[in-house]
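Let's take a look at how the inside of a protein is put together. Start with the picture below, then read on.

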Amino acid sequence: MDRIAWRAEYAEGLKIGRQRACPAQRTGLDLAGAYALLAELPSSSEVIKGYKGALTTKESQAAFETREPALGILMAGMEVKGDKVKLTDFNRGAVETEVGVVLARDVTEVPSAGELPALIRSCHLMIELVDLNFESPPSLVDLVLNNAAAKQYLCGPEIDVAELERAALELRLDDEVRY
C-alpha cells in the first residue's frame, strides 16, 4: 500500500459518519509495513507529543494473535484543550483512562526494571478517546494502520509517582458523574 493512498484512507476514517478502513487483507501489508506507514503519519508541521500502547493485556493480545502491545502516535493536534469533549466528534467512541509518563531522556534500548524509575521525569493522569468505528473487525495490522484507534486525548496535571495509587479522575456526561 502506498503512503498517499494510506493517508487518504486514514483521514477519511477520522471523519464523522465514516468508517476506519481495514486494508490489511486486500493489500497484503505486514506489521513492519504498517509501522513504516504509521511513522510517516505526522506531517512536518505536526508535533509528536508521545506514544500510546494498545493491546496491553494478555487477553487483548490474544484476540489479535500477538504477544506484544500495538503502538500509536499522540500528536499535539489530537490533544483536547480544556475539559470538555464533543461526543459528536466520534462515530463509535470509547474512553480509556491511562497513566502518561514523560521520560527524562530518550530511550534507545529496552531498560531493565531497575532502570525505569530514573527514566521517569513526570507522570500525568490521562484520558484517551478512541474511535472504534471500523468497517470490519480489524486485524493487528489494521489497528496499527489506524494509529491504534487513537483520536483525541486529555492530559492532566503532573502528579507524583507515589500518588498514582490514590489518584482519581471523574468523568461526566451533561454534568452527571458517570465514572
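## The main core

The largest nonpolar core here has 28 residues, and Ala70 and Leu145 have the most contacts inside it. A nonpolar core is a set of buried Ala, Val, Leu, Ile, Met, Phe, Trp, Tyr and Cys residues joined through side-chain atoms within 4.5 Å. Buried means under 20% relative accessible area (1.4 Å probe, protein chains only).

Two or more residues each come from α1 (3-13), α3 (31-38), β2 (70-75), β4 (120-131), α6 (140-145) and β5 (150-159). The top giver is α6, with five residues. Helices (H or I, at least four residues) and strands (E, at least two) are DSSP runs, numbered from the N terminus.

Who does Ala70 touch, leaving aside neighbours within four places in sequence? Its contacts (heavy atoms within 4.5 Å) are Tyr35, Lys52, Gly53, Ala54, Leu55, Leu140, Leu143 and Val144.

There's also a second, separate core of six residues, including Phe90, Ile127, Leu154 and Leu171.

## The sheet

Three strands make an open sheet in the order β3-β4-β5, paired antiparallel. Two strands pair if DSSP finds at least two bridges between them. At the edges sit β3 (93-103) and β5, each pairing on one side only.

Seven bridges join β4 to β5. In β5, Ile159 stands opposite Cys123.

## About the model

This is a predicted model: local features need pLDDT of at least 70, side-chain atom pairs count only at pLDDT 80 or more, and totals for chains, interfaces and linings use all residues. Residues are numbered from 1 along each chain as its sequence is written, and side-chain values use heavy atoms, with hydrogens and water left out.

Notes. Buried means under 20% relative accessible area, exposed over 50%, partly exposed in between (1.4 Å probe, protein chains only).
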